[in-house]
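User: Hello! This structure is new to me, and I would like to know what lies behind the words used for it. Could you walk me through a few of them?

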Amino acid sequence: MFSASRANVRFSRVASSYAQRLTMSTLKDEAPKRTPRLRTLKRVIYGTALLGATYTGWSMYRNRNPAEQKAFDPSKKTLVLLGTGWGSTTMLKNLDTDHYNVVVVSPRNYFLFTPLLPSCTVGTIENRSIMEPVRLLMRHKSREVKFYEAECTDIDAERKELTLVRRVDSEDSKGDRDPVKINYDYLVVGVGGTVNTFGTPGVEENACFLKEMGDARKIRRRLMDSIESAAFGDVSEAERDRLLHMVVVGGGPTGIEYAGELHDFLQDDLSQWYPELAKKIQITLIEALPNVLPAFDKKLIDYTQSTFKENQITILTRTMVKEVKEKSFIVQNPDGTRSDIPYGLLVWATGIKAQPVVDRIRAQFAQVQTNGRGLLVDEYLRVKGARDIWAVGDCALSGYAPLAQVASQQGKWLARRLNSLAIQAARENKTDVDVFNLIEEKSRPFKYSSQGSLAYIGSEKAIADLPFFNRNITAGGLATFWFWKSAYVNELFSLRNSTLVVSDWVKRFFFGRDISRE
């Protein structure tokens, strides 16, 4: 009887174990199987990530380990690029140096990504993140490219000779500053423009500009000087109000973006570190025209003005600055009356005029070069009246607005035309080809294709006026702000710059802007 009971227990255990295995097998059969589409998607994601990491690694290695370059070839023509702005640098990037001996002349040894310059004035982006060393681009060309960190002070178009003066910023430098002369076969003038004060008294002495990296540093120092001075306890209320009044003259994209960046700096950072002063800071934007951003759609203008109103940024339109003094400036109001307004910081962002070297070129062809704003060029970007000289960018009066994308397209177009003509000459075994005249016979005229306009207006909002077939699409807000960011990251000249800018944005998000003063 005892044995029968033990046998029954053993049988029940076996039966229970079999039932459990049967149940698990049934559940396993009923579980959802991974579909081929999910497996394919997973493989695509992994493959894309692997390819991206491989390309990034290869780009970094190639950037740090450029190939050997060919030496200058005496049989090739010498092409000199004046400037390292949008037009000249884009041309250098696209030019095939197998066909020309290329020389770059500029007082600065880097390319500056100017659309993000307002962000550097308040520490949203670090200065060097938008500076691309020109020698980095030069070192990756197939043939050696010479660079002179100098300013071109004179051009003898008849003798094809340039006069250079070495530009030294350091007071301790003991380098030779005597003029140096070099010759060229072809010359591309891309020196851009300089700030236009319209003859307003006191602007040069008392205002800050926003065109070069040195200007951004100066604005940042003066901004922090005003705030720290206002923090002293013995400062009168009137003097404190003056120090905390920040003025922007110019309602174009540069002025609008700086006002937006300044507002963000005030709200996100100064309100934390200077809570009592932050409430008293005033931002005023002055524009002589009836509206700000005259090149944008009316809807975007209204959206910008309403955003500025929400951000307590005062906009004074139809108002002209007549004089800038050390602590105040005089404006002419819409009704014709004049007012004396105190300020702590005044940023002048109103437009450009021709560089001195451009005026010297114009003087040699005075009968043809009749416009004082720059060099008149034909539809092939050839300087009118001159021979073997082209002009690109802001210094070239080609009928288009002085925009970065215009200069960039001009530089790319001219580089490709010169490459094409050189290749064609090599195929035909021609050694002495008149490229300057042949470009008209073998090429279509330059035509600018607008890629639209973007501007940041503060509070993580941006506006966009983009072409779409035969009409324009306008947008503004947070989504446009992220589009603005992605567009500028994509436009940066190198992976290095893109990485630095993105890391600056991430750093600002987590740690805020740096308020220290250099």
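Analyst: Happy to! In this predicted model, helix 2 gives the most to the lining of the second largest pocket, with seven residues.

User: What makes up the rest of the picture of the second largest pocket?

Analyst: The space in the second largest pocket is about 590 Å³. Its lining has 18 residues, and the closest to the centre are Arg62, Asn63, Phe493, Ser494 and Leu495. Two or more lining residues come from each of helix 2, helix 5 (134-139) and helix 16.

User: How do you know that the reach of helix 2 is close to the expected one?

Analyst: Helix 2 covers residues 36-64, which is 29 residues. At 1.5 Å a residue, 42 Å is expected, and 42 Å is the reach from the first C-alpha to the last.

User: Why is helix 3 called largely enclosed by the rest of the structure?

Analyst: Buried means under 20% relative accessible area. Seven of the nine residues of helix 3 (residues 86-94) are buried, so helix 3 counts as largely enclosed. Those buried residues are Trp86, Gly87, Ser88, Thr89, Thr90, Met91 and Leu92. Helix 2, by contrast, is hardly covered, with a count of one buried residue among its 29.

User: Why is Val506 called partly exposed?

Analyst: Val506 has 41% relative accessibility, so Val506 counts as partly exposed. Val506 is found in helix 16 (residues 495-511). Together with Val502, Phe509, Phe510 and Phe511, Val506 makes a nonpolar surface patch of about 590 Å².

Note on methods: Residues numbered from 1 in each chain as written. Predicted model: local features only at pLDDT ≥ 70, side-chain atom pairs only at ≥ 80, totals over all residues. Heavy atoms only, no water. Helix = DSSP H or I, 4+ residues; strand = E, 2+ residues; numbered from the N terminus. Expected span 1.5 Å × (residues − 1). Buried < 20%, exposed > 50% of the residue type's maximum accessible area, 1.4 Å probe, protein only. Patch = residues over 30% accessible without salt bridge, like charges linked within 9 Å, V, L, I, M, F, W, Y side chains within 5 Å. Areas by Shrake-Rupley, 256 points an atom, 1.4 Å probe, with all protein chains shown as cover. Salt bridge = Lys/Arg side-chain N within 4 Å of Asp/Glu carboxyl O. 1 Å grid on protein atoms, 1.4 Å probe; cavity = no way out; pocket = protein on both sides within 12 Å on 5 of 7 lines; lining within 4 Å. Points joined across faces, edges and corners; volume = space filled by probe spheres on them.
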